[in-house]
Amino acid sequence: MAEPSDDLTINRAYWERMAPRYAVAAEREWASEPSWGIWNVPETELGLLPVDLAGLDTIELGCGTAYVSAWLARRGARPVGIDTSPAQLATARRMQQAHGLSFPLHLGTADATPFSDASFDFAISEYGAAIWCDPYRWIPEAARILRPGGRLVFLGNSTLLTLTIPAADDVPATQQLLRRQRGMHRFAWPDGSSVEFHISPGDWIRLLRKTGFEIEDLVEIYPPDHATTEHLLAELSWAQQWPCEEAWKVRKSR
Ligand SMILES: C[S@@+](CC[C@H](N)C(=O)[O-])C[C@H]1O[C@@H](n2cnc3c(N)ncnc32)[C@H](O)[C@@H]1O
């Protein structure tokens, strides 16, 4: 088996440290109706999920505490989650017990999963593989494990946010371009705590098409009036003018 990459090791250690904080959020998210991103925009507004999930095999790539998979299970899907952090998965298992739901949770990396080709009808990542795995590795892996016609939805920081947010904790996005869009890909934040991946819209389109996906939508996410967030990535007034998050909806060609 291949050795874990340095990025994977760094990010796993980061998520082991972050897990207690996300365990608190998990209590709320497991008990709530589907809503997305740092502003909790309701699914009823964004429409990211397939209308009919009944009987679909789903995979959550970087599932964390797995509340998204819980939402899918309640809509009749057969979810599976994979995550690299044992502590996050421990929270997910505890929440499964608390909510009387049971579905498989795998410890592993979303860019090299143990699943057979064409195992799933729907794949999703909310700030999981979407920003923590190299897209040039995890998008081909998602394509491999999806069935023809299967859908992939992934949500993370917008390109604008990535270019305008200072490289310091809890300092929100500015109105200045702080780094280049050209060639954007791997972001190792200066404190060495974690490594994220963000590529430009043009690079996303080329990668998705090359790996056999048809692009259905790129949803730019704006918070409703008076929305609040515990993640200070952008002020509300900023996020109402420019999207600080975006979701891709794509479908594997038949
Ligand atoms: C912000 S959480 C997203 C999950 C969930 N939506 C949540 O907020 O709890 C990010 C998750 O990605 C996971 N992750 C990071 N790198 C990963 C990788 N290479 N493979 C699978 N999961 C990964 C982390 O362990 C963490 O649980």
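These legends go with close-up views of a predicted model.

**Before you look.** Residues are counted from 1 along each chain as its sequence is written. Local features need pLDDT of at least 70 and side-chain atom pairs need pLDDT 80 or more, while totals for chains, interfaces and linings use all residues, and side-chain values use heavy atoms, without hydrogens or water.

**View 1. Glu 245, a buried charge.** Glu 245 sits in strand S11, residues 245-252 (strands are DSSP runs of E with at least two residues, numbered from the N terminus). Glu 245 is buried, meaning under 20% relative accessible area with a 1.4 Å probe, protein chains only. Even so, Glu 245 has no salt bridge (a side-chain nitrogen of Lys or Arg within 4 Å of a carboxyl oxygen of Asp or Glu). Arg 28, the nearest side chain of opposite charge, is 12 Å away.

**View 2. Polar atoms around the ligand.** Look for the side chain of Tyr 67, with an N or O atom 3.0 Å from a ligand nitrogen. Asp 83 puts a polar side-chain atom 2.6 Å from a ligand oxygen. Glu 126 uses a backbone N or O atom, 3.1 Å from a ligand nitrogen.

Notes
Helices (H or I, at least four residues) and strands (E, at least two) are DSSP runs, numbered from the N terminus. Buried means under 20% relative accessible area, exposed over 50%, partly exposed in between (1.4 Å probe, protein chains only). Lys and Arg count as positive and Asp and Glu as negative; His and the chain ends are not counted. A polar contact is a pair of N or O atoms within 3.5 Å; within protein, one must be able to donate a hydrogen and the other to accept it, and residues adjacent in sequence count only if both atoms are side-chain atoms.
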